[in-house]
Amino acid sequence: MALVDFSLREKTGILCLNRPEKQNSLNRELMQELMGGIDALVAQDAHVLVLRAAPGTKVWSAGHDINELPEPRRDPLSYFDTLETLLRKVQDCPMPVIAMVEGSVWGGACDLCFSCDIVLAAQGSTFAMTPAKIGIPYNASGLIHFTNLIGLNKAKEMFFTAQPVPVEDAWNNGFVNHVLPASELEAFTMRMADTIAKNAPLAVRALKAEFRLLMRGHSIDAETAERIQAIRREVYDSDDYAEGIRAFQEKRPPRFRGK
Ligand code: LCV
């Protein structure tokens, strides 16, 4: 059974997460199917993509499949990690991608939503950034992404607390374009997609490429990049990193000891 269903409706490509038994958590297989679906819809000349979960879902996506996080001593979010590759795929996708969100969104799935160009969410949706809850050192590109989108203080609050942020609150911080009653979300999303799809595709694609390049504005020197990696290595080399994953698998609260 496909973990991602995709279809073309006129010039709108629709990708639907379909791993409900594991709360649409992003394992390698699902993420590879998602990237394959994007490629297929680009090849079918879609002008806009919509990324969604099944109607009425309580959990849009529970984020990275924790059981597939690497063992300690390996960077859990390295540049070529499947999740990082997927995020860049969405950001580099030639046409706009709309995230249509219902329910709760966790960890890497938040970053997936933020990698989309527009986020349309149902009332009651929540977004949680969870690395601190699991003991994971998030990566620099992810932190810059969030900071650019919602501002430094809100990004710090999301990451330090690791608590779900209600979409109404998130909306006030800019990363959600519209908040709608769940019953209106799909029609609103498809109307916006159709509007974008009717515009000049080359111009829309050029705009997306320009935004992508302009948002890469933050430059850091080599020493800073190396220092960030050293800081992160201390975390994924730690016992706490192993404990966070083990606690999830054993369905118990983690007991972090700060080492
Ligand atoms: C594997 C899962 C998952 C899951 N992986 O249903 O951003 S970072 O750095 O943190 C990054 C590394 C990341 O994205 O990490 C993942 C962050 N995600 C989370 O912390 C959310 C973890 N999931 C939950 O807290 C709960 O599942 C929620 C609150 C989403 C739903 O709770 P509920 O009680 O409704 P279950 O927990 O019973 O989940 C149903 C099945 O889905 C699996 C979970 O293990 C269970 O499997 P079994 O039926 O085999 O026990 N599942 C849920 N999330 N991220 N598997």
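A cavity is a set of points, on a 1 Å grid over the protein atoms alone, where a 1.4 Å probe fits but cannot get out; lining residues have an atom within 4 Å of a point. The model is predicted: local features need pLDDT of at least 70 and side-chain atom pairs count only at pLDDT 80 or more, while totals for chains, interfaces and linings use all residues. Residues are numbered from 1 along each chain as its sequence is written, and side-chain values use heavy atoms, with hydrogens and water left out.

By the cavity rule, the count comes to 2 cavities of 30 Å³ or more. A volume here is the space filled by probe spheres set on the grid points, which are joined across faces, edges and corners. The second largest cavity holds about 30 Å³ of space. Its lining consists of Leu 15, Leu 34, Ile 38, Leu 51, Val 90 and Val 97. By class, that lining has 6 nonpolar, no polar and no charged residues.

The largest cavity contains about 40 Å³ of space. Ala 46, His 47, Met 95, Pro 96, Ile 196, Asn 199, Pro 201, Val 204 and Arg 205 form its lining. These divide into 6 nonpolar, 2 polar and 1 charged. Helix H9 (residues 201-214) gives the largest share of this lining, 3 residues. Helices (H or I, at least four residues) and strands (E, at least two) are DSSP runs, numbered from the N terminus.

Pockets were treated separately. A pocket is an open set of grid points with protein on both sides within 12 Å along at least five of seven lines. The largest pocket has about 1,400 Å³ of space. Its lining comprises 44 residues, and Gln 91, His 145, Arg 212, Met 215 and Arg 216 lie nearest its centre. Two or more lining residues come from each of helix H2 (82-92), helix H3 (108-115), strand E7 (118-122), helix H5 (140-150), H9 and helix H10 (222-236). H5 gives the largest share, 7 residues. The lining divides into 21 nonpolar, 14 polar and 9 charged residues.

The second largest pocket has a volume of about 730 Å³. It is lined by 31 residues, with Ala 62, His 64, Ile 66, Ile 134 and Phe 248 nearest its centre. The elements giving two or more residues to this lining are H4 and helix H11 (239-249). The largest share, 4 residues, is from H11. By class, the lining has 14 nonpolar, 10 polar and 7 charged residues.

The space taken by the ligand is this second largest pocket. A molecule sits in a pocket if more than half of its atoms lie within 2 Å of the grid points of that pocket. The ligand is surrounded by 23 residues, the closest being Lys 22, Ala 62, Gly 108, Thr 130 and Lys 251. A residue counts as near if one of its heavy atoms lies within 4 Å of the molecule. Helix H4 (residues 131-134) gives the most to this shell, with 3 residues. The shell has 10 nonpolar, 8 polar and 5 charged residues.

An oxygen atom of the ligand lies 2.8 Å from a polar backbone atom of His 64. The side chain of Gln 23 has an N or O atom 2.9 Å from a ligand oxygen. For Pro 131, a polar backbone atom is 3.2 Å from an oxygen atom of the ligand. Taken alone, the ligand exposes 990 Å², and the protein buries 72% of that. Accessible areas come from the Shrake-Rupley method with a 1.4 Å probe.

Conventions
Polar contact = N/O pair within 3.5 Å; in protein donor to acceptor, adjacent residues only side chain to side chain. Nonpolar A, V, L, I, M, F, W, Y, C, P; charged D, E, K, R; others polar.
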